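Hello,

Here is the structure I promised to pass on to you. Please have a look at it, and then read my notes below.

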Amino acid sequence: MTTANDPAEPARHDSVATVVRQWRSVHPGIDTAPMELIGRVNRCAALFQQAEDAPLRRGGLSRAEFDVLGALRRTGDELTPGELARETYSSGAAVTKRLRRLQERGLVERRTDPHDRRVSRVTLTEAGTALVDDLLPDQLSFESAVLDGLPQDERERLVGLLGELLGQLEGRLGGPRY
C-alpha cells in the first residue's frame with residue numbers, strides 16, 4: 001500500500017492534501033500519514049454533519065436532539081438521562097439541556113423513577129415518535145444521496161475498514177463494545 005509520502009501515490013486534491021503539503025514544506029521529514037487518515041475522517045465527519053442536518057432542520061431539530069429522540073425510539077425503552085448520555089456520546093449536562101428543549105416541545109416526557117426518586121425516566125411522546133418516524137426515511141434518503149458518488153463495493157469496503165478502526169478505538173479508549 002502506498003502513502004502520500006510515497007511518490008507512487010496519486011496526487012490528492014482535497015483540503016487535507018493542501019494541509020499536508022503545507023506541513024511538509026515546513027517539516028519535510030515528518031510522517032504525515034496519521035494526519036492524512038485522521039484529518040480526512042474528521043473533515044468527512046464535519047461535512048456529513050452539515051449535509052445530513054438538512055432534513056432534521058425541516059423537523060426543527062438539531063442533530064444532537066435527533067440523536068436523543070432516535071436513541072429513545074430505537075431502544076424502545078424508557079431511558080435515564082445517564083443512559084441517554086452514553087447512547088449519544090454526550091455529557092450529562094448536554095443531555096439535560098436537550099431534554100429540557102424536547103420536553104418543552106412535547107416530544108419527550110420525564111417521570112420520576114418509582115424506586116429511586118433521584119432518577120428520572122425519559123420516554124417519547126406520541127408526537128416525538130411520529131416526528132422521528134416521519135424524519136428517518138428522509139434522513140436516510142438524504143444520507144444515501146450524499147454517498148451516491150462512491151460505488152457500492154467501495155462503500156462496503158469503507159464500512160468494513162471504519163468498523164475495524166472504530167472497534168479498535170472503542171476497545172482501547174474504553175468506549176462501548178456491542
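A word on terms before the tour: a residue is called buried when its relative accessible area is under 20%, exposed when it is over 50%, and partly exposed in between, using a 1.4 Å probe and protein chains only. Please keep in mind that this is a predicted model, in which local features need pLDDT of at least 70 and side-chain atom pairs count only at pLDDT 80 or more, while totals for chains, interfaces and linings use all residues. Residues are numbered from 1 along each chain as its sequence is written, and side-chain values use heavy atoms, with hydrogens and water left out.

The overall picture

The protein chain has seven helices and two strands, where helices (H or I, at least four residues) and strands (E, at least two) are DSSP runs numbered from the N terminus. Along the sequence they come in the pattern α-α-α-α-α-β-β-α-α. Of the 178 residues, 27% are buried. Accessible areas come from the Shrake-Rupley method with a 1.4 Å probe, and for residues only the protein chains shown count as cover. The accessible surface of the chain comes to about 11,800 Å², and carbon and sulfur atoms hold 57% of that.

Salt bridges

There are 15 salt bridges in the structure, each being a side-chain nitrogen of Lys or Arg within 4 Å of a carboxyl oxygen of Asp or Glu. One of them joins Arg40 and Asp14, at 2.8 Å from N to O. This pair links distant parts of the chain, since Arg40 is in helix α2 and Asp14 in the segment before α1 (15–26), 26 residues apart. Arg40 is buried, at 19% relative accessible area, and Asp14 is partly exposed, at 27%.

Glu78 and Arg111 form another salt bridge, with their closest N and O atoms 2.7 Å apart. Glu78 lies in the loop between α3 and α4 (81–88) and Arg111 in strand β1, so the pair ties together parts that are 33 residues apart in sequence. Both are partly exposed: Glu78 has a relative accessible area of 29%, and Arg111 has 38%.

Asp113 and Arg121 also meet in a salt bridge, at 3.0 Å from N to O; Asp113 is buried, with a relative accessible area of 8%. Arg58, Asp134 and Asp138 are linked in a network of salt bridges.

Arg105 sits in the loop between α5 (92–104) and β1 (108–112), and is partly exposed at 41% relative accessible area. Its side chain reaches the backbone oxygen of Gly60 at 2.7 Å. Contact means heavy atoms within 4.5 Å; leaving aside neighbours within four places in sequence, Arg105 is in contact with Gly59, Gly60, Leu61 and Leu131.

Helix α3 (residues 63–75) has 13 residues. Its buried residues include Phe66, Val68, Leu69 and Leu72. Gly76 follows α3 and has a positive phi, near 70 degrees.

A nonpolar patch

Last, do look at the surface around Leu37, Ile38, Val41, Leu150, Leu158, Leu162, Leu165 and Leu169, which form a nonpolar patch with about 610 Å² of accessible area together. Patches are made of residues with over 30% relative accessible area and no salt bridge, with like charges joined within 9 Å and nonpolar side chains (Val, Leu, Ile, Met, Phe, Trp, Tyr) within 5 Å. Helices α2 (33–58) and α7 (152–173) each supply at least two of the patch residues, and α7 gives the most, with four.

Best wishes

Terms used
The expected span of a helix is 1.5 Å times one less than its number of residues. A polar contact is a pair of N or O atoms within 3.5 Å; within protein, one must be able to donate a hydrogen and the other to accept it, and residues adjacent in sequence count only if both atoms are side-chain atoms.
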